[in-house]
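Please walk through this structure with me, step by step. Keep the sequence beside you as you read.

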Amino acid sequence: MVEINDLSFGYTRKENLYQQFSIYFKSGQIYGLLGQNGSGKSTLMKIIAGLIYPDSGNCVVDGIDSKERNYNYLHNLYIIPEEFDLPDMTIASYVRIYAPFYDAFSKDQFATYLKEFDISPEEKLHKLSYGNKKKVLLSFGLATNVRVLLLDEPTNGLDIPSKKTLRQLIAAAATPERCFIISTHQVHDLENLLDHLVVISKNKLLLNESISTIAQKISFVPFSSRPAENETLYYEKSFTGHIGIVANKSNEEGKINLEVLFNGIIAQQAKFNQLFKPNN
Amino acid sequence: MDFRETQAIYLQIVEWICEQIILEVWHSGDKIPSVRELAVELEVNPNTIARTYEQLQSMDLVVNKRGIGLFVADHSKDKATKYLKKQFIEKNLPQMFNYIKLLDISMEELNELYHTFTNKQQKR
């Protein structure tokens, strides 16, 4: 559904953030896009959204190149950036102006979502806090019913009950026709919603695997004392001792500890690369 | 629902549904919630619930009536009990035995504790 082919991009001529980078996102999946600060997550999302253009290579959504930047490309895609500016107007005016860009926008859904987030449509956007603005944008984005929804740090600024609401709204909105790409540092906020993990680090694709394949290949085990050399792929200190990542020798899938997995992949790139290589 | 750290979520939901059946919240013959309904309730990916339902179908706990939906199968309580018992004996009991051995708790003491526990539950 979203195809990135041989992408090269840099904000300056000296430094390329992406070089010959390719990845494919399928429909019917919720992708978790993880990476350290400055690893290029937001840039990748902006490229998919057509907000910035590749220096070379391309990004194709449903057969249309992002460079076309036409109606067919844009009406089926929505991005909720981490940083945003909203115009000085009421929520109702905002919807009147911006909703017509999206064919499948549902005013009923938008009203329901706002209500779930406990926000009145009469409110003025400039008077809202960052978190409440975010809730308006999330409600708007979900109500567009676009096929590609890009969420950059969607739980940032949300209070505890709204994170629960967001999880429920995403669970209700994820259909086989749609593709969600969610970047997040708050791994626990949305972990049970993800189908697939993508870990990037400045042009390198450190992991691109479904949650179930990951769980078939590795498991997370507690150690009461420090694990021996070669006993684990990676380990770190935990509350009760140590937690390590080991090869999963059983036929059963366990639960993935995203935080430990992320740290492991960053620290032991070669080992994880070997393990998750295609055909392995 | 709070998910534990160790087991895949779709399997934890299988166990949760077995508990619902044993506790007679879900009965044989009941239509079960749609994939999306349960995904929203438990705040998980709908594909996870789809996997849970596949697993339940393969365990004959849930049957697919073509065109109408999924229903809790006949004799579901027996089947759910058998499944959870097997899980408990294989996964939880060894851990408990480890502690019982470590702390040197006698079977008599355990028996007494168990009686106190069940009495308390009955009074509720």
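**A helix in chain B**

Helix H3 of chain B covers residues 46–58, which makes 13 residues, and spans 19 Å from its first C-alpha to its last, close to the 18 Å expected at 1.5 Å a residue. The expected span is 1.5 Å times one less than the number of residues in the helix. Helices (H or I, at least four residues) and strands (E, at least two) are DSSP runs, numbered from the N terminus.

This is a predicted model: local features need pLDDT of at least 70, side-chain atom pairs count only at pLDDT 80 or more, and totals for chains, interfaces and linings use all residues. Residues are numbered from 1 along each chain as its sequence is written, while chains are lettered from A and ligands numbered from 1 in the order in which they are written. The pLDDT is the predictor's confidence in each residue, from 0 to 100. Chain B averages 91, and 95% of its residues score at least 70. The model scores ipTM 0.85 and pTM 0.89.

Which residues of H3(B) are buried? They are B:Pro46, B:Asn47, B:Thr48, B:Ile49, B:Arg51, B:Thr52, B:Tyr53 and B:Leu56. A residue is buried if 20 or more other C-beta atoms lie within 10 Å of its own, exposed if 12 or fewer, and partly exposed in between, with C-beta atoms placed from the backbone. The buried residues of H3(B) pack against several elements of chain B, including helix H1 (9–22) and strand E1 (62–65), and also against helix H6 (160–173) of chain A. Just after H3(B), B:Asp60 takes a positive phi of about 60 degrees.

Now turn to chain A. An automatic or database assignment sets domain bounds. Chain A is divided into domain 1 (2–84 + 143–202) and domain 2 (212–275). Their centres, taken over C-alpha atoms, are 27 Å apart. Each side gives 6 residues to the contact, where contact means C-beta atoms, placed from the backbone, within 7 Å.

Next comes strand E6 of chain A, residues 77–80. A:Leu77 and A:Ile79 point one way, A:Tyr78 and A:Ile80 the other, and all are buried. E6(A) runs parallel to strand E7 (residues 148–152) of chain A, joined by 4 bridges. Strands pair if DSSP finds at least two bridges between them. A:Ile79 has A:Leu150 in E7(A) as its bridge partner.

Finally, find A:Asp189 in helix H7 (residues 187–190) of chain A. A:Asp189 is partly exposed, because 19 other C-beta atoms lie within 10 Å. A:Asp189 and A:Lys163 are 26 residues apart in sequence and 7.0 Å apart in space, C-alpha to C-alpha.

Terms used. Contact = placed C-beta atoms within 7 Å.
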